[in-house]
Amino acid sequence: MTLRPGDADELGTASPPTGADARTGTTAGPQWRRVHRITPVLNAWKAVVALLFFLVWQVTDQLDTLPTDLWQTMGRFRGVALLVVLGLVLAVAAVATVYSVLAWRRTLFAVGTESVDLHTGILFRQQRHARLNRVQAVDVVQPLLGRLFGLAQVRVETAGGGGSNVVIGYVPEAEAQSLRNEIMARAAGVVVPAPGEVGAAPVAAAPERAVLEVPATRIIGGLLLSGGMIAFVLTVVGLVVVAVVVGSVAPVFGVLPALLGSGGYLWSRFAGEFGFRSALSPDGIRLRHGLLETRTQTLPPGRVQAVELSQALLWRRRGWWRVQVNVAGYGAETAGNNVVETVLLPVGGRGEALTSLWLVLPDLGVEDHRELLDAALGGAGDGAGFLTSPRRARWVDPMAWRRTGLRITGTAMVVRRGRLVRRVVVVPHERTQSLALSQGPLERGLGLADLHAHSVPGPVTPVVPHLDAELARDLLLEQARRARTARAAEGPEEWMRRVAVPGRDDVPGPTGDRPTGAGLG
């Protein structure tokens, strides 16, 4: 809903400008709006459930220790006790209701020409401002309770990480989608009329072209063949054998928290990656996934800092790969809470993995892209121009030293490493945050060094281990020069102003002019 000009002052929040436009009769500046009335309840339900669980656990834990005479006394005053408990429940409910109403009235948001603003707080006021030119991604999230009420959250991820992100919610799902479209359009540099202005209307979503879809059976198969699942099963079998041998279940309870944590991680991956779909649109890469909590992510062009293709040992027979990315808005703390926010492809064949890579980096900067990718995904040695570890590196890395390699192309830095789990990391030159060399005692004695290309927090770690020390220093200087040149030529943050868009219905696809995408498989 839209606030009247005087509402924000009445609520004690920072008010928008109150000057009226003589031509339109509308309020100048951003139009402040409120979230849905049920938002405080949806935000607090987890805390309420946790509190009830704690109280029940405490009560049941003390029941066996109560003396018999106390039970008899409690039986005589059962009616009074019930009235006291009912009164406490009603008092807590009344306080919670008043607090929810005040919290709702203090929660305001607005989308301006330069930032997305959110004002919250009763005792402690908080004002968040996400600058549009720093927006890294915009997600529409529907937790299970939100889906039951037809509500959703809009999460604006910025370059500052989790501490600077803005979460607007809850609002009706249609309004959330329109709000996402408005934020993406403004961040791209498109002029969008504010609510209440002449010509204002819900912003339609940019057209999209479906790229790939991952069936649930493949997600289950990928989890069953993953290292985490195998470790989980072997641990359970080992504990059962130990319990049978010693005749006690104490070993099982000793590691039960670890087992629950591993099982929760595997479940969160399945539930989060369920129904995974990706599409390409002028406003970025669109990802949709989720079983209980559905999520619609939009990654604007050029916001991905690094991409990694990985293949577990048991996935090779089926040719499966997993693609993950580093995005500035999804920091380390965010990725730890939701393991699918940084996934571009949960599990897929070689062609689908290369299509996902093409979504991030359409041009690999080489003429023979097939030779480069063949050498990166499954090769070893110095084929396709890869710079590899010297033979003396076998003393510190006997299994993977021939696999380790680096290729610097015209647009990106391609890193290849790993023997049991194959990994290919691609970092665009303009996204290189910083560079560093590191040496351990053994590496120093062997004349080796590790080259680090620092990225934002995330699942991808761009590092080339065990290079010749002299070669590593030369590569650091060369990559620093390339990164500096690429950043200078990148252009403005508002990507619609730096690319030619023939029309909103003209959506580039994986079969476009640059042959470095889906056709690579």
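Each stop below gives a selection and what to look for there.

**Overview.** This is a predicted model. The structure holds 15 salt bridges.

**Stop 1: Glu208 and Arg286.** Select both side chains; they form a salt bridge with an N to O distance of 2.6 Å. Now colour by secondary structure. Glu208 sits in the loop between helix 6 (173-187) and strand 8 (209-213), and Arg286 in strand 10 (residues 284-289), so the bridge ties together parts that are 78 residues apart in sequence. Glu208 is partly exposed, at 35% relative accessible area. Arg286 is buried, at 3%.

**Stop 2: Arg218 and Glu352.** Move to this salt bridge, where the closest N and O atoms are 2.8 Å apart. Distant parts of the chain are linked here: Arg218 belongs to helix 7 (residues 216-224) and Glu352 to helix 12 (residues 350-360), 134 residues apart. Check the surface again. Arg218 counts as buried at 19% relative accessibility, because the cut-off is under 20%. Glu352 is partly exposed, at 21%.

**Stop 3: Arg269 and Glu273.** Select helix 10 (residues 256-273). Arg269 and Glu273 lie four residues apart in this helix, so about one helical turn separates them. Their salt bridge has its closest N and O atoms 3.7 Å apart. Arg269 is buried, with a relative accessible area of 10%. Glu273 is also buried, at 2%.

Conventions: Residues are numbered from 1 along each chain as its sequence is written. This is a predicted model: local features need pLDDT of at least 70, side-chain atom pairs count only at pLDDT 80 or more; totals for chains, interfaces and linings use all residues. Side-chain values use heavy atoms; hydrogens and water are left out. A salt bridge is a side-chain nitrogen of Lys or Arg within 4 Å of a carboxyl oxygen of Asp or Glu. Helices (H or I, at least four residues) and strands (E, at least two) are DSSP runs, numbered from the N terminus. Buried means under 20% relative accessible area, exposed over 50%, partly exposed in between (1.4 Å probe, protein chains only).
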